[in-house]
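Subject: Structure handover

Hi,

Here is the structure I promised to pass on. Have a look at it first, and then read on for what turned up.

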Amino acid sequence: MYKLYSRAGSGGFVAEAALRMAGAPYEIVPIDKASPPSGFEKLSPLRQVPALTLPDGRTITESAAICLLLQETFPAAGIGPEAGSHDRPEFLRWLAFLSSMLYPTMMRYFFCERSTTDPDGLEPVKQAAIVEFDRGFSIVDHALTGRDWLVGGQRSIADIYLLMLAYWHPVADKPRDEWTNIVRVCEALKRDPLVAKLNEAHRFW
Ligand SMILES: N[C@@H](CCC(=O)N[C@@H](CS)C(=O)NCC(=O)O)C(=O)O
């Protein structure tokens, strides 16, 4: 049994999507942002979600690592292309781009006080975060031109990761107005029963 530390609307969304794609048994442990339970830092030193306790009792953090591990553990589940396959390099590339370029940019916006010691600097940090986030989004949107999915010819966890990030954009209408390829992928995913079911708890739309 896997145990996923998560909360609605968080990066736990993509980890839970991978668990569901895998068909793996799991339980959710809800973590309150303002007051994570004492001892949580032993599992997740930054006190962040998602964190995943594996069936052998070890716990890992980092959304991309969780997705990759589940893909490797359940290679036939459609989470992503198998190691060594033709589409694997693109899969790794996009998962890394989404988790290491776009995700931190969003966190810089929502936790802006961590990026400046200047009490007047919060708004500039937020504005700069949006500019950087938009730069990353434009790159992804361009890459999706003429394609149904980010990687190869089928949906992977990378597309679901992208959907999650799109719903975090603080200017709600911006993805719809500016990144038509991303919106097209998101709309297709929203019709996917697995994604729609997840949204009942996460309430992105
Ligand atoms: N690099 C981590 C980032 C995780 C992260 O920032 N999680 C957010 C929720 S979406 C969080 O728990 N933030 C609480 C905090 O940083 O105090 C990952 O990819 O999983």
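Let's start with the sheet: four strands make an open sheet in the order E2-E1-E3-E4, and the pairing is mixed. Strands E2 and E4 (59-61) sit at the edges, each pairing on one side only. From one strand to the next, the twist averages 20°. Bear in mind throughout that this is a predicted model.

Now the individual pairings. Strand E1 (residues 2-6) and strand E2 (residues 26-30) run parallel and are joined by five bridges. If you want a spot to check by eye, tyrosine 2 stands opposite tyrosine 26 in E2. With strand E3 (residues 51-53), E1 pairs in the antiparallel sense, over three bridges. There, lysine 3 has threonine 53 of E3 as its bridge partner. So what packs on the sheet, and which strands does it touch? That is H1, which touches E1, E2 and E3, and its direction makes about 160° with that of E1. H1 covers residues 12-22, and together E1, this helix and E2 form a right-handed β-α-β unit.

As a reminder of why I flag both, most residues other than glycine have a negative phi, and most peptide bonds are trans.

On to the overall layout. The protein chain divides into domain 1 (2-73) and domain 2 (88-192). Their C-alpha centres lie 21 Å apart. How many residues does each domain bring to the contact? Eleven residues come from domain 1 and eight residues from domain 2. On the side of domain 1 that touches domain 2, H1 and helix H3 (63-73) each supply at least two residues. By type, the residues of that side of domain 1 are eight nonpolar, three polar and no charged.

Last, the part I guess you'll care about: the ligand. Where does it lie relative to the two domains? Both domain 1 (2-73) and domain 2 (88-192) give residues to the shell around the ligand, so the ligand lies between them. There are 14 residues around the ligand, and Ser10, Gly11, Gln48, Val49 and Ser63 come nearest. Helix H4 (residues 88-110) gives the largest share of the shell, three residues.

Cheers

Technical notes
Residues are numbered from 1 along each chain as its sequence is written. This is a predicted model: local features need pLDDT of at least 70, side-chain atom pairs count only at pLDDT 80 or more; totals for chains, interfaces and linings use all residues. A residue is near a molecule or strand if its C-beta atom, placed from the backbone, lies within 6 Å of it. Domain bounds come from an automatic or database domain assignment. Two strands pair if DSSP finds at least two bridges between them. A crossover is right-handed if, with the strands pointing away from the viewer, the path from the first strand over the helix to the second runs clockwise. Axes are lines fitted to C-alpha atoms, for helices over the stretch in contact, and angles run from 0 to 180 degrees between N-to-C directions. Two residues are in contact if their C-beta atoms, placed from the backbone, lie within 7 Å. Ala, Val, Leu, Ile, Met, Phe, Trp, Tyr, Cys and Pro count as nonpolar, Asp, Glu, Lys and Arg as charged, and the others, Gly among them, as polar.
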